[in-house]
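Hi everyone, thanks for making time this morning. I'd like to walk you through one model, so please have a look at it with me.

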Amino acid sequence: MARVKLLVAAGSLIALTVIFLSLQEHQVVPQLPKIPRPYRWTYDPVRDERNLGLTEAQCEEAFPGQDAEIVRAREWHAANGGIEEEQVRLWRDEPDKAHGQVRVLIYDGDIFVVGEKQGVVDRTRYLAGLSMIYRAITAIPDPRMLPNVEFTLDRMDHPNPEPQRPGRTAWGWCRHKTDNNTWVMPDFNGWSSSSWDTVGGYRAFRQKSKPFLTPFKDKIKKVLWRGQLDVGQKISQIRSKLLEVSKDKSWSDCAELKWGPREGVVPMEEHCKWQFLIHTEGNSWSGRLRPLKNCNSVTIIHNPLEYIAHFYPLLIPEGPRQNYVAAKNDWSDLNDIMDYYLLNQDEAERIAEESARTFRDRYLTPAAEACYIRRMIYEYAKVQNFEPQPYKNITNDDGTVTRRMRGVSWERFAFKAPARFDIPGGPEGYWFKSNQVDFED
């Protein structure tokens, strides 16, 4: 009997062992959660070229070095005692002509126009410029994080012409290389070109140019230039010399345009059909380089340039990152340049591709320019010696004081008709002088 009990006990033990081993074999061992690898954001031009609300860190990651002009201006003004309120008042008695100007207040993340002076060139220029600033501000989650600043935006080609007014500080589309006071912002063409031409809105232009972004070696193997010789009632020696040097050359498709007739005009987006494109300065800086840099073509630029736009510090004339070809100001080397690059097509294609990567896909995107404008606001505030005020006190006839908000909100100003401003027709109108100030709070 005892033997039977022992056998039963042994059998039970064996059964339990089998069951235990079976459970062990099929046991799900708990796994520690996998720790995700740190995510590092990188700029993707297809995804991000219209991402207007990139963070400051993303802006620095995506567009290194684009703030060179901003840093220059900040350092110059810091070394010269900063910016006083008197320096940003609307400019009267300009030495050359009536400058169109708006005095702008950015307060608590909102834009107010606190002054306007009529000028001789297209008013839509500073409407476009202010639209770019508005777009950059409203794209971030909380615009109130931006500092309060006050400045004057000058819509002329040269915001501080000779004789320069010492201390006169403005925001402009460019500056002469001797003008250290001006802060250079992306030009108005980043929103829309002037109302009289056919380029239109910048994003629409970028879209229209895409069908002409053909492989480099399939493009027309010539250099293209179209432009006027008379710029600002003077004959451009650089442009005149270009036509002289390029005349009757097999590699040339360069021609003068005149006001009025449309003969010989090449739509800006169709410039991308040519392998080589020439950029020339005009009355001052020329806005043509922006659309030219949207092509996968080689840009040839005369050097040295007299005027500086916001992206010019990124132009590289030689080395592995070369993104344009430098020519002499008298174009005496243009024939050699064309002979060389027509023969060395692979090298020319590399320069064209680097240009497109640098400018079309990165630094001349709406995303880059929104980053630039916000950075400009931050750095300008660092050297602004006064605290902008959104209100002013008005003394009434009875001696009482009323507190009133300054100027007009941007949302209202954008659709508000300007005061009447009559200038002579014809060439005289370009040099018309006037001290008419519509308002300045």
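I'll start with the domains and then turn to a pair of helices.

First, a reminder that this is a predicted model. On the contact itself, domain 1 contributes 24 residues and domain 2 contributes 16 residues.

How much area is buried between domain 1 and domain 2? It comes to about 1900 Å², and carbon and sulfur atoms give 55% of that. There are also 3 salt bridges across the interface of domain 1 and domain 2. While we're on salt bridges, do find Lys177 and Glu306: they form one, with their closest N and O atoms 3.0 Å apart.

Now, the helices. Please look at H5, residues 124-138, and H11, residues 366-382. Their axes are 9 Å apart, and the packing angle is about 85°, which means H5 is roughly perpendicular to H11.

Which residues meet there? From H5 we have Met132, Ile133, Arg135, Ala136 and Ile137, and facing them in H11 are Pro366, Glu369, Ala370, Ile373, Arg374 and Ile377. Sorted by class, this contact of H5 with H11 has 8 nonpolar residues and 3 charged ones, with no polar residues.

Definitions and conventions:
Residues numbered from 1 in each chain as written. Predicted model: local features only at pLDDT ≥ 70, side-chain atom pairs only at ≥ 80, totals over all residues. Heavy atoms only, no water. Axes fitted to C-alpha atoms, helices over the stretch in contact; angles between N-to-C directions. Helix = DSSP H or I, 4+ residues; strand = E, 2+ residues; numbered from the N terminus. Parallel < 35°, antiparallel > 145°, perpendicular 65-115°, else oblique. Contact = heavy atoms within 4.5 Å. Nonpolar A, V, L, I, M, F, W, Y, C, P; charged D, E, K, R; others polar. Buried area = accessible area lost by both parts, 1.4 Å probe. Salt bridge = Lys/Arg side-chain N within 4 Å of Asp/Glu carboxyl O.
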